[in-house]
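Please open the structure in your viewer and keep the selection panel at hand.

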Amino acid sequence: MDQGSPWPSARGVVDIAHHAREQSMLDSTDVERLEAEAVNSAKIRQPLYAARRKIFPKRASGTFRRFKWLVMLITLGIYYITPWLRWDRGPHAPDQAVLVDIANRRFYFFFIEIWPQEFFIVAGLLVMAGIGLFLITSTVGRAWCGYTCPQTVWVDLFLVVERWIEGDRNARMKLDAGPWTTDKIGKRVAKHAIWLLIGVATGGAWIFYFADAPTLAVDFATGQAESIAYITVAILTATTYTFGGLMREQVCTYMCPWPRIQAAMLDEHSLTVTYNDWRGEPRVRGAKKALAAGQPVGDCVDCNACVAVCPMGIDIRDGQQLECITCALCIDACDDVMGRLGRDKGLISYATLADYNSNMALATAGGTMPIAPARVHGPDGRLSEVVRRTRLAEIIRPRTFVYFGMWALIGIGLLVALAMRTDLKINVQHDRNPQFVMLSDGSIRNGYTVKILNKVAEPRAVQLRLDGVDGGTMMIGGSELPESRDVLVMLEPDRLRTLRVFVRVPPDRLPADTSSFDFRVEEAGGAGSASYSALFYIPENRR
Ligand code: SF4
Ligand code: SF4
């Protein structure tokens, strides 16, 4: 530093800075470095969009595949055939067994006819369907997804067409990877044309539920149907073709909320499709060689048959996955392999988590050792007797009874409501303003709107009567009939009739206060009757 200056020289400044940096570098080594990495670090960052990898499911055969064919046949049969079933309800009602008659606000289901005011029955059925789904899921897992969900059934149908035209997995993969030859174009055109036809048939069947099917079919074919019919068929054709043919497993994985919800309904006693790694691992391709080398060998021969048949394109050996719809085709594929190898079937099986945990504890000596196949196999290579098998009694548990009880209670309630409903109803509304009118002779008149509902598909003649209100007579608005205490009313089949009714009580018969009385309707011969309690108001100065 210059003796005469308070500032350090230039050289001195550099020295100080250098010293400070050295000091700082020394200091940085004293700071602990944490093992942390940003979750979106550039090194591991992946695009949010991943292109779909095509899946070419191989044809499976076995018990579950046969069961799925049966369910597919039944569900598709019900869907396509139901609108064509007839049900005789007499000359004044439609003869379609299942019909949603929007114009007349009626729902016909064989012998049951539901009016708008009975919509609680439909709501009850929907609640039953929801609870039924809970019941099924909590006991046998995603059986709905694997067997009866429309998406599953239609994808299965589309795959049948694809296999029929393009062949099984290997042929389809080869065709897909190959160049666009005439053969490939022809096959693709044929496949997509049939898929579109299935889409049209699906949309077509849907509209037949809303009108007389044979009439609508003719109108539709001749271009005379309502435009809404064509729009509906076009929308359903597009959605069926897109969801069933093009998107397939993506609908289940990305669009459907059910895989996310169902986890809440499963517990350790619910059945799910499970890879039993406690007997399958270590998986080995050359078992004989491995055994000769003294290595442990599990039952899984790593043949990938279970992966090849999976319509979701997943490997069940990776454990439970959101994508798994529990269609059980991997069980069929693996059982076939195990059968050919002379080993016990069920390497992939329907199992509960409780069974799985118990067997895993057995195979790993309570979790203290790696999986040892010898602990769960006998000397003959068969599964040991100590291995826990799924028992029906464990699946049916208090939770199952609670769900079933709720489901059955609602069902019984609906049946009782259906059994007790009458085919003749009356509803009355008192005029609010004015509540009463005093006539020139001093008598008091009250006005009412009376609605009489005939739920029978036949015309009916009923007697409308006053019950109570002594001395009162009634007059029907817009009618020439003389005033009396009862009148004959003609009801059209399956219709609601609305009447304006005026009840008059002469001055010498007026009750002391506002009083109640009944409007009663009765069919001749006592075939049906109904009544409604109403009030007759009188002014305060006449009480
Ligand atoms: S893993 Fe098995 S049960 Fe699950 S979707 Fe695939 S084939 Fe079906
Ligand atoms: S089919 Fe069975 S044996 Fe073959 S890879 Fe799958 S689990 Fe292993």
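Select Arg-317, which is buried, with a relative accessible area of 9%. The model before you is a predicted one.

Asp-302 and Arg-317 form a salt bridge, in which the closest N and O atoms are 2.8 Å apart. This pair links distant parts of the chain: Asp-302 belongs to the loop between helix 13 and helix 14, Arg-317 to the loop between helix 14 and helix 15, and the two are 15 residues apart. Asp-302 has a relative accessible area of 26% and is therefore partly exposed.

**Second stop: Asp-299 and its two contacts**

Next, select Asp-299 together with Arg-343. Their side chains meet in a salt bridge, with 3.8 Å from N to O. Arg-343 is in the loop between helix 15 and strand 5 (348-351), while Asp-299 is in the loop between helix 13 (287-292) and helix 14, so this pair ties together parts that are 44 residues apart in sequence. Is Asp-299 buried or exposed? With a relative accessibility of 6%, Asp-299 counts as buried. Arg-343 is partly exposed, and its relative accessible area is 22%.

His-377 is found in the loop between helix 16 (353-363) and helix 17 (392-395), and it counts as buried at 14% relative accessibility. A polar atom of the His-377 side chain also lies 2.8 Å from the backbone oxygen of Pro-373. Which residues does His-377 contact when its neighbours within four places in sequence are left aside? They are Arg-279, Asp-299, Arg-382, Leu-383 and Ser-384.

Select helix 16 and colour its buried residues: Ala-354, Asp-355, Tyr-356, Asn-359, Met-360 and Ala-363. These buried residues pack against strand 4 (272-275), helix 12 (277-280) and helix 17. After helix 16 comes Ala-365, which has a positive phi, near 50°.

The structure holds 38 salt bridges. For one of them, select Asp-156 and Lys-68, whose side chains meet with 3.9 Å from N to O. The pair connects distant parts of the chain, as Asp-156 is in helix 5 (residues 150-166) and Lys-68 in helix 2 (residues 63-81), 88 residues apart. Both of these residues are buried.

Then select Lys-54, Glu-162, Arg-163, Glu-166, Asp-168, Arg-172, Asp-176, Arg-188, Lys-191 and Arg-248. Salt bridges that share partners join these residues into one network.

**Last stop: confidence**

Finally, colour the chain by pLDDT. The protein chain has an average pLDDT of 90, and 94% of the residues score at least 70. Select residues 1-5, where the pLDDT is below 50; beyond near neighbours in sequence, this stretch has four contacts in the model.

Methods: Residues numbered from 1 in each chain as written. Chains lettered and ligands numbered in written order. Predicted model: local features only at pLDDT ≥ 70, side-chain atom pairs only at ≥ 80, totals over all residues. Heavy atoms only, no water. Salt bridge = Lys/Arg side-chain N within 4 Å of Asp/Glu carboxyl O. Helix = DSSP H or I, 4+ residues; strand = E, 2+ residues; numbered from the N terminus. Buried < 20%, exposed > 50% of the residue type's maximum accessible area, 1.4 Å probe, protein only. pLDDT = per-residue confidence, 0-100. Contact = heavy atoms within 4.5 Å. Polar contact = N/O pair within 3.5 Å; in protein donor to acceptor, adjacent residues only side chain to side chain.
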